[in-house]
Each structure stands twice: as structure tokens, then as C-alpha cells.
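Hi,

Here is the structure I promised to pass on. Have a look at it first, and then read on for my notes.

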Amino acid sequence: MLPYLAIVQARMGSSRLPGKVMADLCSKPIIWHVIERLRLSKTVGRIVVAIPTGEKDDVLFAYLHEIGAEVFRGSETDVLGRFCQASRAHPSHAVVRVTADNPLFDPKVLDETVQYFEKGGYRYARTEGFPLGVGAEVFTASLLEEANGRALTAFEREHVTPYMYTSQGSRGAYDCGKNRSRIRLTVDTEEDFLFMQKIYKHFFRGFHNFFLDDILAYLGEEI
């Protein structure tokens, strides 16, 4: 299995919770937790954080530079174009898309999704039924190029993958087996962030050794 390029989508300008990717979670910014959890993946060979070029994202760029993360800067609104340019700068046969507001992103789920993607010979695959904020999307670099050339609407350009999962061609969904999509493990609002702090205070001891099954058990969910 060839190593995958992980592109982390991040920005400071969230409309609901501005600056959330730099919000403090157990003495580390959320973006730090996302990157560190990604490093636990067995299939990701390189991690690049794709951020906008605007002045408000300079503080994010400075922090990422400080911790030695690889960064690509591009358009704030044309996120698909930003992804495509980041992929060209760091060539790989396939790309994993992760968003920086998911500090409970699960590297085990990612690796399982990649295995599903490879086994099925898909151009695009995503998780289905998992809690919001845990899953991932995987697609070939050639499909990313195709989407960049053919996706025309502002919605498609902003959200990166709509063209991919509605276009013709082989695509698949790695199913959780039990629909847990009602569970929010992402940070989009202040309420989400307070809930995330509660989970991290329970589990985090300086390193990431807690995963989806641990979190579900903590929440009283049947595994």
C-alpha cells in the first residue's frame, strides 16, 4: 500500500466560532491535536495543512511553522483549488481529506477507510454512519484534478468533494455498521467546544491513546 497524502483543511475565519482551530484544548490548539492524531495513521505518509493566504490566517501560519508542520497557502473561498494546488506541490497517488475542526478524528477509522478504498479500486470513498467529526474522505489525485477542472459552482469549490461523490465512476462508502451520525464529535459551535473539552479532560494525558470505541463507551453507547 502506497503512502497517502493527508491534506488538513484549516482557517481562522469560521463564521460560527472564529479562530476555533487555535482554541485551547488541554493546553494545545485544536489544530495540534488533529495533526498529532493523523500522525498515528499507518497509511498517511505526509501531512500538509492547507490554509488561506489572508492576513487573518497569518497567526495560524506562524503557529504551524513553529511546530514544524508543512503548510500550503491558497484561496480562502476556492478550497477545491487550494487542495488541488497542495496536491500538486506534494505529489501522491491518492489524498486523504481531513478538516481541522475534528480533534477526535480517528486514525484507525482512516486506515480502515483507506483499506476499503484500495480493496474496492475506488476513485473516491468516504465513511458513512460514523459520528460527525470522526470519519474521512479518500480520493485519487487524478480525481482531484478532474474535479478542479470541472466543478463550477461556488458550493462545489468551497466544499471540495461534492463533485467527486456525484460524478460518474467508481465510488464507495465505508459503513460504520450502525448509524451513529447523530453523535457530534466536531467543533462548530461554542457548545461543541465545551463538550470537546469535557471529553479531552477525561482522556487526554499528553498523548492520544483514546479512539472511537473508547469515546463511545464513555458516552454510554453500545459498541
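Is helix 3 (residues 79-89) mostly covered or mostly uncovered? Mostly covered: eight of its eleven residues are buried. Those buried residues are V79, L80, G81, R82, F83, C84, A86 and S87. Before going further, please keep in mind that this is a predicted model, and every value below is computed from it.

**The overall picture**

The protein comes to nine helices and nine strands. Its radius of gyration is 17 Å, close to the 17 Å that the globule rule gives for 223 residues, so it is as compact as a globular protein of that length. Along the principal axes, the C-alpha atoms fill a box of roughly 45 × 45 × 30 Å. Of the 223 residues, 52% are buried. The accessible surface is about 10400 Å², and carbon and sulfur atoms account for 50% of that.

If you take the contacts with a separation of 6 or more, 70% of them are between residues 24 or more positions apart.

**I7, inside strand 1**

I7 sits in strand 1 (residues 4-9). The residue is buried, with a relative accessible area of 0%. Leaving out residues up to four places away in sequence, I7 touches V48, A50, F83, A86, S87, V95, V96, R97 and V98.

**S41, in a loop**

S41 is in the loop between helix 1 (30-38) and strand 4 (44-52). Buried or exposed? S41 counts as buried because its relative accessible area is 9%, and the cut-off for buried is under 20%. Its side chain has two backbone nitrogens to look at. A polar atom of the S41 side chain lies 3.1 Å from the backbone nitrogen of T43, and the side chain also reaches the backbone nitrogen of V44 at 3.2 Å. Not counting residues up to four places away in sequence, S41 touches P107, L110 and D111.

**Salt bridges**

Side chains of opposite charge can pair when their charged atoms come close. How many salt bridges does a search of the whole structure find? The search gives 16. Here are some to look up on screen:

- E76 and R11 form a salt bridge, with their closest N and O atoms 3.9 Å apart. E76 is in the loop between strand 5 (70-74) and helix 3, while R11 is in the loop between strand 1 and strand 2 (24-25), so the pair ties together parts that are 65 residues apart in sequence. E76 is partly exposed, with a relative accessible area of 27%, and R11 is partly exposed at 34%.
- E70 and R46 meet through their side chains in a salt bridge of 2.7 Å, N to O. This pair links distant parts of the chain, with E70 in strand 5 and R46 in strand 4, 24 residues apart. E70 is partly exposed at 29% relative accessible area, and R46 is partly exposed at 39%.
- R73 and D58 form a salt bridge in which the closest N and O atoms are 3.0 Å apart. R73 is in strand 5 and D58 in helix 2 (residues 58-66), so the pair ties together parts that are 15 residues apart in sequence. Both count as partly exposed, R73 at 24% relative accessibility and D58 at 34%.

There is also a network of salt bridges that links R16, K20, D101 and D188.

**Cysteines**

How many disulfides are there? The count comes to zero. Among the cysteines, C26 is partly exposed, with a relative accessible area of 26%, and C176 is partly exposed at 22%.

Cheers

Conventions
Residues are numbered from 1 along each chain as its sequence is written. This is a predicted model: local features need pLDDT of at least 70, side-chain atom pairs count only at pLDDT 80 or more; totals for chains, interfaces and linings use all residues. Side-chain values use heavy atoms; hydrogens and water are left out. Helices (H or I, at least four residues) and strands (E, at least two) are DSSP runs, numbered from the N terminus. Buried means under 20% relative accessible area, exposed over 50%, partly exposed in between (1.4 Å probe, protein chains only). A polar contact is a pair of N or O atoms within 3.5 Å; within protein, one must be able to donate a hydrogen and the other to accept it, and residues adjacent in sequence count only if both atoms are side-chain atoms. Contact means heavy atoms within 4.5 Å. A disulfide is a pair of cysteine sulfur atoms within 2.5 Å. The radius of gyration is taken over C-alpha atoms; the globule rule is 2.2 Å times the number of residues to the power 0.38. Accessible areas come from the Shrake-Rupley method with a 1.4 Å probe; for residues, only the protein chains shown count as cover. A salt bridge is a side-chain nitrogen of Lys or Arg within 4 Å of a carboxyl oxygen of Asp or Glu.
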